[in-house]
Amino acid sequence: MPKITYIDSSGKERQVEGKNGMTVMETAIKHNIPGIDADCGGACACATCHVYVDEAFTAKVGKPSAMEQSMLDFAENVKENSRLSCQIKIRDDLDGLKVTTPESQH
Amino acid sequence: MSGAPQRIAIIGAGQAGGQAAYSLRQAGFEGAITLIGDEPAPPYQRPPLSKAYLKGELEAERLFLKPLEYYAEHNVDLITSNAAKKIDLAGRQIEMASGPAIAWDRLVIATGARPRKLPVPGADLDGILELRTLSDVDKLKWSAVKGARMVVVGAGYIGLEAAAVGAQLGMHVTILEAMPQVLSRVAGPEIGVFYTRTHREAGTDVRLGAKLEGFEGQGHVSGVRLVGGEVIPCDVVLVGVGVLPNLELALDAGLTCGNGIVVNAQGQTSHPDVYAAGDVAWRPLVHFGRDGRLESVHNAIEGGKIAAASMLGGPAPALEVPWFWSDQFDLKLQTAGLWTGADAQIIRGDAQSRAFAVFYLKEGRVIAVDAVNSAPEYVVGRRLVAAKAAVAPAELADKSISMKDIGARAAS
């Protein structure tokens, strides 16, 4: 089972076991990780599950789709490594993935 | 008002009720929280019920807003499969269908809404279904198989989404809509025309202006009879003709109600210690300068947050422009704002390309946008609505000007 680490805006780390096929957002909800609101439940409709992907994983995680990119374009505090965590599906080669949550999702 | 809250009860364990509980704990409230739901499941997302869940792509547990353990870990007393029967305002308790009464010093009513029934002969036959709860959709799933014939009554979001899934599963689908256009309650005519065409292209028989007379069948529905005598044979019927707010508890308690439980900007009902949130609340719509009742995820989340913040005297949440979405086939419809009252519609892009948007203007200002596979139009549109921005129609319609630029010009 791939391990995923969530780092909140204060630097606190929480590591959980993910399941292949579930998204990084769903995994956060399942484990009560703070900092991810996911208002729309993963429909790529609200941009409240924004995370920063650790530099070591940006290539593996890949680029956002056009729809996701548009949602991100107008989110707050977007960086080069921003993604919507509802659009990242967990796979074996993402074992060890680290994502940081922004200070606010709204 | 009584002092600081010690015991908060929430009637209704849907998206609004759940959010109120989560926000209370997130804000550090340490008193008792009782969350009362009449369904067996903990609070869950309803939107996927007519989409991925109906299609069989998600198991029920993936819809839960919080894992089951959350409620024990955060000391939220979650009561399921038990209904509130009466609110006693003077005695500050809730009488339950079974078990002891529940005491409260602050109460949130988040009882939601229930599907409207069709007042026609045969409406109680087996196989005539509605789609609001997990249990509703589990029943529909039994019939949602290749080759089965489904009649969808009502072409709103839920009816159309279920019809799209049905067509994708290989069902023979007929949509009956009483109005001259689909989605007429929630979107403008351009969007309706586009979705009618899309469903027809998928092989679905879309009947507009259809007049339903009744249902036929012995025990189980076998056909839908239209005025004029035509009978459409079917194996299952899905009725999606809107919802009615669950007002009975509030009315019985003497709280002020109209087409919803009337609340102020703080989510308070006519009793200062009783709040209402979600589909059942008739609330100020600050971006539109009027009151109204919304049925959406955004409204449920915001209402839950407002009630929690008000009860604790904390900072009020930012109020968002109402937003909605609908997934049908390969199309994502994203809506911001409310189009009612629009005096102009600007189309941006080409419906033939399956990516376009309709902006709704009132007195030159953007009041809503419907964006089909067009996230920039949706995201910038949401900001334009919030800012009550005046935008030149010619610019909005001009795809050579990016939405980023339109947004920036409107802001300056």
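Predicted model: local features only at pLDDT ≥ 70, side-chain atom pairs only at ≥ 80, totals over all residues.
In chain B, 60% of the contacts with a separation of 6 or more are between residues 24 or more positions apart.

The secondary structure of chain B comes to 11 helices and 27 strands. The radius of gyration of chain B is 22 Å, close to the 22 Å that the globule rule gives for 412 residues, and chain B is therefore as compact as a globular protein of that length. For chain A, the corresponding list is three helices and five strands, and read from the N terminus on, these elements follow one another as β-β-α-β-α-α-β-β. A compact globule of 106 residues would have a radius of gyration near 13 Å, and the 12 Å of chain A agrees with this. In chain A, 65% of the contacts between residues at least 6 apart in sequence join residues that are at least 24 apart.

|---|---|---|
| Chain A | roughly 35 × 25 × 25 Å | 41% of 106 residues |
| Chain B | roughly 65 × 60 × 35 Å | 48% of 412 residues |

### Helix H1 of chain B and its surroundings

Helix H1 of chain B covers residues 15-26, and its 12 residues reach 16 Å from the first C-alpha to the last, close to the 16 Å expected at 1.5 Å a residue. Because 10 of the 12 residues of H1(B) are buried, this helix is largely enclosed by the rest of the structure. The buried residues of H1(B) include Gln15(B), Ala16(B), Gly17(B) and Gly18(B), and also Tyr22(B), Ser23(B) and Leu24(B). What do the buried residues of H1(B) pack against? Their partners are strand E1 (7-11), strand E2 (32-36), strand E3 (76-79), strand E7 (106-109) and helix H8 (297-312) of chain B. After H1(B) comes Gly28(B), which has a positive phi, near 95 degrees.

Two of these strands, E1(B) and E2(B), run parallel and are joined by five bridges. Within this pair, Arg7(B) stands opposite Ala32(B) in E2(B). The chain passes from E1(B) through H1(B) to E2(B), in a β-α-β crossover that is right-handed. E2(B) is in turn joined to E3(B) by four bridges, and these two strands also run parallel; here Ile33(B) has Val76(B) in E3(B) as its bridge partner.

### Two open sheets of chain B

Strands of a sheet pair through backbone hydrogen bonds, either parallel or antiparallel. Chain B has an open sheet of five strands in the order E9-E16-E10-E11-E12, with parallel pairing. Its edge strands are strand E9 (128-129) and E12 of chain B, each of which pairs on one side only. Strand E11 (residues 172-177) of chain B runs parallel to strand E12 (residues 205-208) of chain B, and four bridges join the two. In this pairing, Leu176(B) has Arg207(B) in E12(B) as its bridge partner. Together with helix H6 (residues 189-201) of chain B, E11(B) and E12(B) make a right-handed β-α-β unit.

An open sheet of three strands in chain B has the order E4-E5-E6, and here the pairing is antiparallel. Strand E4 (84-88) and strand E6 (102-103) of chain B are the edge strands, and each pairs on one side only. Strand E5 (residues 93-96) of chain B is joined to E6(B) by two bridges, the two strands running antiparallel, and the bridge partner of Ile94(B) in E6(B) is Ile102(B).

### Where the chains meet

How many residues does the contact take from chain A and from chain B? Chain A gives 15 residues to the contact and chain B gives 18 residues. On the side of chain A that touches chain B, the elements that give two or more residues are helix H1 (24-30) and helix H3 (66-73) of chain A. The largest share of that side, four residues, comes from H3(A). Sorted by class, the side of chain A that touches chain B has seven nonpolar, four polar and four charged residues.

Definitions and conventions:
Residues numbered from 1 in each chain as written. Chains lettered and ligands numbered in written order. Contact = placed C-beta atoms within 7 Å. Nonpolar A, V, L, I, M, F, W, Y, C, P; charged D, E, K, R; others polar. Rg over C-alpha atoms; globule rule 2.2 N^0.38 Å. Buried ≥ 20, exposed ≤ 12 C-beta atoms within 10 Å, placed from the backbone. Pairing = 2+ DSSP bridges. Right-handed = clockwise from strand over helix to strand, strands pointing away. Expected span 1.5 Å × (residues − 1).
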